[in-house]
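Let's walk through this structure together, starting with its strands and moving on to its aromatic rings.

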Amino acid sequence: MRNSSPIKFTAQIILPLCLLASSGCGKPPAPIKTTAPVVPESPTPLPAQARAGNSDRNPATWTAETLHQAIKAKNPGYNGGGQFQIEGGRVMVAVLAGTGVSDLSPLQGMKLLALDLQGAPVQNISALADMPLTELYLDGTAVNDLSPLKGAPLQKLYLNGTRVEDLSPLTGAPIIELNLFGTGVRDLQPLIGMPLQMLWLNETPVDNIAPLAKAPLVSLTLHRTRVTDLSPLAGTALQRLHIAGTPIADLAPLRDLHLTRLIFSPATITNGVEIVRTMASLTELGTTLEARMVPENFWILLEKGTIQ
């Protein structure tokens, strides 16, 4: 889970309930805390639509306090640390990462544009159906069914460490950033036609990247996948590629690319090393992301046998 939410608020945000009564309300919010702020024991009565389970029928009644209370009513473990952007009574953005939320029913019917649930004990996201979400962060949740997201105008979707295996509900989505690190996803067919620019497939069972042949990718991570063939990437505008820990042996498909970064395992390469050596666009090479360096130093260390 990230230390702070990746969601960028575009207007004044509503702070966690524990901060609303403090003098710091005019200051930028501190990073989300996962320790438990206390929700008042005698709250303001919930708006009628929240009591009825219909969250956004009368958006003008939503305030920070009633929103916190609606979430708490369905989530006894909620620590009150949620952050929200509310405009004209409508909840537009919700950051509930690390807050203990597991039941999303209080969000049903809202017109959220962005939602961060990183690390939350959430499995069922049916409450998100028909939302106009453009950003959704589910990293570290127990989510395995994406069907409620069918038709959503998602541009950023992070699923790291979830139980997701089937991407078919995302078919046709306008996703630009997709993080599948550590998921069970194998079939990339649903990604065909997406305007993908950044894709993380680290430690997935993916073995075929043919569906990515026409994607406008800028960054692709295949670390510890089963991919053996890079030919679908030939002729693309790819700039950053991570293939370390894969069985890839042939770098020839990279011949006409203008990579700026390549992370790979030289010991497994049987063809194409010279293509990389003469690629003038490269500014970073390495066998791990953490140990990347300028190409000149990389080749010196490789020849000395210091790296393999």
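Buried means under 20% relative accessible area, exposed over 50%, and partly exposed in between, with a 1.4 Å probe and protein chains only. This is a predicted model, where local features need pLDDT of at least 70, side-chain atom pairs count only at pLDDT 80 or more, and totals for chains, interfaces and linings use all residues. Residues are numbered from 1 along each chain as its sequence is written, and side-chain values use heavy atoms, leaving out hydrogens and water.

Strands here are DSSP runs of E with at least two residues, numbered from the N terminus, and two of them pair if DSSP finds at least two bridges between them. S2 runs antiparallel to strand S1 (residues 83-87), joined by five bridges; glutamine 83 has valine 95 in S2 as its bridge partner. With strand S3 (residues 114-116), S2 pairs in the parallel sense over three bridges, and alanine 94 stands opposite leucine 115 in S3.

Now to the rings. Those of Phe, Tyr and Trp (its six-membered ring) pair if their centres lie within 6.5 Å; planes under 30 degrees apart count as stacked, over 60 as edge-to-face and the rest as tilted. The whole structure holds four aromatic pairs. Tyrosine 137 and tyrosine 158 have ring centres 5.2 Å apart and planes at 40°, so this pair is tilted. Tyrosine 137 lies in strand S4 (residues 135-137) and tyrosine 158 in strand S5 (residues 156-158), 21 residues apart. Both tyrosine 137 and tyrosine 158 are buried.

Technical notes: Helix = DSSP H or I, 4+ residues; strand = E, 2+ residues; numbered from the N terminus.
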